[in-house]
Amino acid sequence: MKLILNIAWTHVSSRVRQTLVGMAGVSMGVGFTIMMAGLMQGSQIDFLRQLVDTMPHITVEDERRSVPTQPAEQEYGAVQMSDIANVGRRPGIKYPESVMGSLRSWIPGDVAPSVKTTAIINHGGARIGITLTGIDPRREVQVSKLATQMQDGKLEDLSRASNGIIIGEALAEKLGLKTGNSVLLIGGQGVQLNSAVTGIFRSGMKRVDENQIYSLMGPAQVMMGQSGVVNQLRLRLTDPMLAQKVAAQVEAQTGYKSVSWQEANADLLSSFTVRDFIVLTVMGAMLLTSSFATYNIISTITHEKRADIAIMKSLGMREYAVRRIFIIEAAIIGMVGILFGWLLGYLLCYGWSKITIFNPLTGTTVPLSIYYSATHYVVVGAISLLCCAGAAYFPARKATRVHPVEIIRGAS
Amino acid sequence: MTEIALQAVELVRRIEGTVSHTLVNGIDLAVKKGEFVAITGPSGSGKSSLLYLLGLLDAPNEGEVIICGQPTSTLSESDRADVRLTKCGFVFQFHFLLPEFTSLDNVLLPMRAAGKMSEPEMRERGLALLESLGLAEHANKRPNQLSGGQRQRVAIARALSNRPEIIVADEPTGALDTASTEQVFSILRDIADQGQTVVVVTHDPALAARADRRIHIVDGKIAEITAHGGGAAVCEAVS
């Protein structure tokens, strides 16, 4: 083995220029791949953090996964009946306080009640359909970042005005509303409510900032025409990644539909999967391409060293031992290239993190978020080393298969 | 009866192709331990092919090569490589030294490949071999710093390094001047006198005359066997 290493090292070190080109190829591939991985995962994590910060981690609603069967259907299952009016069911979660109490006893986080309904906001001739969520400001701080998202006014101000509402920044701009303005809210049952804007928030998610209005629970219940109802429980967990598991348990316990943030954003998350797939393919192609320089070098060396291969085999060295010489040469080129590639990758990531971009959602200029992970370095390095070994294997196999007599005859 | 070091039985080597060509056509031969045999013949007579078969570099289509009593026709390619490594030493017309390595490293190559000795032992033996061939001061030079005769002597030292029973040389003096030719031949002669078996293919009738026995090959067959040297070795046909 020492002999093989010795020969390999001699071959590589006596071809400085070629070796450096090969190493540079590997370094570029590794460096840029690490940079892409850092950028991609960084932006993804940044986006998810925003998503998780803005939304409740789990929303429990007074719905069932499937529509309950009607009494008539239960009674006369064999008979086909159409136009059966569903039995009126009082909306809302039954005994919300006791449900919340029992949830609080085991979920890793907190829970707050809310009343969710739809309404039309009427201001200056514009009518826009919005989602109205009635909240309890004291308990709301446990489950959302609304208090920190306030751009104008405070969350507690809701209780100070009669029928106070907090609206999203995008909606305020659209309607030209400022804190202190009055608007008319029209509910589904025709209820009309004069409200006062007591605050403006910005979540950074456009669809929330355009459509969401918060009020106290009372006004929301009035708009619904259901006094005392609570039709939504919102949970915030200490670890958002547990949401799917906890949501399933909550649903099993309460019977109400519990939606984790992952389920609510399944469309976005699946587009991430597609993006991951594309980027991984590109990264793999980069690593593979970067090993072509190695293939070239090993091909050249094995060609130049035909006589050496012949003599080593004729002296009695095994074919695999001779082959290993060239694979070790590729590994030397690969390993040094990977080390420089790691450095290059780190420097590229560092450079990118100094670049700031304008974020249209938050209206601020923020640096590109880069995710630094040792896993990137290890995985990219390992794949690159495999590519180099593979790139060496084929020319080495071809060269060492040659029968020594053919070359010795050819030489004499 | 003296021990037989190398024996060929009914050796046949053909090149299969659109036109099949028989290189070696049924050769029987036995070489005793310590014997110096020269194989001669016109170009294309099959003498080199026979040598490659005897040195296990090539495998016969038919027949058997027995090295130190061990038949080799059933050995796998890697077992044949092992036999070459430990029992045969090769010298070719061109030295085939590894150009990036010093003379000493080239001589150490087969020992390192066999891996049976410690590094200091190998170095000691390598230096002793080079010294015995008059190359002590060239141990740390590379092949391109040596003359043709010196390179060929390094190649002989390499062939001897694993103490093989048999030295197989294919036109070892073919590319050398007269003085170097004389030197190389007397070294081979000494090796045989010290008890190792030497088989040499040569064009040079004068050199062949100095061998214990001369085997003349024509068209892949033994045409003539001539014994020399006052009965030091007696022809033993084994058919």
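Predicted model: local features only at pLDDT ≥ 70, side-chain atom pairs only at ≥ 80, totals over all residues.
A nonpolar core is a set of buried Ala, Val, Leu, Ile, Met, Phe, Trp, Tyr and Cys residues joined through C-beta atoms within 7 Å.

**View 1. The largest nonpolar core, with 118 residues.** Look for B:I39, B:L188 and B:V199, the members that touch the most others in this core. Helix α15 of chain A, residues 319–353, supplies the largest share, ten residues. There is also a second, separate core, made up of 48 residues. Among its members are A:I58, A:V99, A:L132 and A:M224.

**View 2. The surroundings of B:I39.** Leaving aside residues up to four places away in sequence, B:I39 touches B:K47, B:L50 and B:L51, together with B:V199, B:V200 and B:V201. B:I215 and B:I217 complete the list of its contacts.

**View 3. Where chain A meets chain B.** Chain A brings 16 residues to the contact, and chain B brings 22 residues. On the chain A side, two or more residues come from each of α1 (2–13), α14 (306–315) and α17 (404–411). The biggest contributor there is α14(A), with five residues. Sorted by class, this side of chain A holds nine nonpolar, five polar and two charged residues.

**View 4. The two domains of chain A.** Domain 1 covers 2–52 + 269–411, while domain 2 covers 58–68 + 91–260. Taken over C-alpha atoms, the centres of domain 1 and domain 2 of chain A are separated by 53 Å.

Technical notes: Residues numbered from 1 in each chain as written. Chains lettered and ligands numbered in written order. Contact = placed C-beta atoms within 7 Å. Helix = DSSP H or I, 4+ residues; strand = E, 2+ residues; numbered from the N terminus. Nonpolar A, V, L, I, M, F, W, Y, C, P; charged D, E, K, R; others polar. Buried ≥ 20, exposed ≤ 12 C-beta atoms within 10 Å, placed from the backbone. Domains from an automatic or database assignment.
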